[in-house]
Amino acid sequence: MLVIRNILLASISRVKYMHVACEADIKPGLAFCDMLKHLIGSICIGSFLVPILGVMWVSARSIKLLKGPKIEFMCSCANCYTGRIGLEELIDSDRTGSFCFLSRVAVGAI
């Protein structure tokens, strides 16, 4: 379903881009066929990586929540995980959402 959604979004984006950039009107059906011919691999890869990056973002947020108050459940694991490699600053600065978003855009562009 995510692949179909992304194909439709890419087709609509192409129609709008051609209208704004080149002042050319192309039919949505033609844009859809071009997406299926030329960009289906990139769209599939991007659609595959979006849930993976989402899981990474959710795990970073949950570790931040576990680390905050002193909860016995997995508290020592969260402290050990965030104490390694300086990930505590990254999680506390709330840059994980921006990083995941930019990663999704970069993978989709590639």
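Leaving aside its neighbours within four places in sequence, which residues is aspartate 34 in contact with? They are Arg14 and Leu39, where contact means heavy atoms within 4.5 Å.

## About the model

This is a predicted model, in which local features need pLDDT of at least 70 and side-chain atom pairs count only at pLDDT 80 or more, while totals for chains, interfaces and linings use all residues. Residues are numbered from 1 along each chain as its sequence is written, and side-chain values use heavy atoms, with hydrogens and water left out.

## Overall make-up

The secondary structure of the protein comes to 6 helices and 0 strands, and, read along the sequence, the pattern is α-α-α-α-α-α. Helices (H or I, at least four residues) and strands (E, at least two) are taken as DSSP runs and are numbered from the N terminus. Among contacts between residues at least 6 apart in sequence, 55% join residues at least 24 apart.

Of the 110 residues of the protein, 21% count as buried; the word buried means under 20% relative accessible area, exposed means over 50%, and partly exposed lies in between, with a 1.4 Å probe and protein chains only. The protein exposes about 8000 Å², of which carbon and sulfur atoms supply 71%. Accessible areas come from the Shrake-Rupley method with a 1.4 Å probe, and for residues only the protein chains shown count as cover.

## Helix α1 and its buried residues

The 20 residues of α1 should span 28 Å at 1.5 Å a residue, and the end C-alpha atoms of this helix are 27 Å apart, which agrees. The expected span of a helix is 1.5 Å times one less than its number of residues. In α1, Asn6, Ile7, Ser11 and Val15 are buried.

Two of these residues can be followed in detail. Serine 11, found in helix α1, counts as buried because its relative accessibility is 5%, and, leaving aside its neighbours within four places in sequence, serine 11 is in contact with Ala31, Phe32 and Met35. Valine 15, also placed in helix α1, is buried with a relative accessible area of 18%. Leaving aside neighbours within four places in sequence, valine 15 is in contact with Ile26, Lys27, Pro28 and Ala31. Valine 15 and phenylalanine 32 are 17 residues apart in sequence, and their C-alpha atoms are 9.4 Å apart in space.

Side chains of opposite charge can pair when their charged atoms come close. A salt bridge is here a side-chain nitrogen of Lys or Arg within 4 Å of a carboxyl oxygen of Asp or Glu, and by this rule the count comes to 1 salt bridge. The side chains of arginine 14 and aspartate 34 meet in a salt bridge, at 2.6 Å from N to O. Arginine 14 lies in helix α1 and aspartate 34 in helix α2, so the pair ties together parts that are 20 residues apart in sequence. Aspartate 34 is buried, with a relative accessible area of 18%, whereas arginine 14 is partly exposed, with a relative accessible area of 28%.

Most residues other than glycine have a negative phi. The phi of glutamate 23, however, is near 55°, a positive value in a residue other than glycine.

## A nonpolar patch and the cysteines

Met1, Ile4, Leu8, Phe32 and Leu36 form a nonpolar patch on the surface, with about 520 Å² of accessible area together. The elements that give two or more residues to this patch are α1 and α2, and isoleucine 4 has its place in helix α1. Patches are made of residues with over 30% relative accessible area and no salt bridge, where like charges are joined within 9 Å and nonpolar side chains (Val, Leu, Ile, Met, Phe, Trp, Tyr) within 5 Å.

A disulfide is a pair of cysteine sulfur atoms within 2.5 Å, and by this rule the count comes to 0 disulfides. Cysteine 33 is partly exposed, with a relative accessible area of 39%, and cysteine 44 is partly exposed, with a relative accessible area of 34%.
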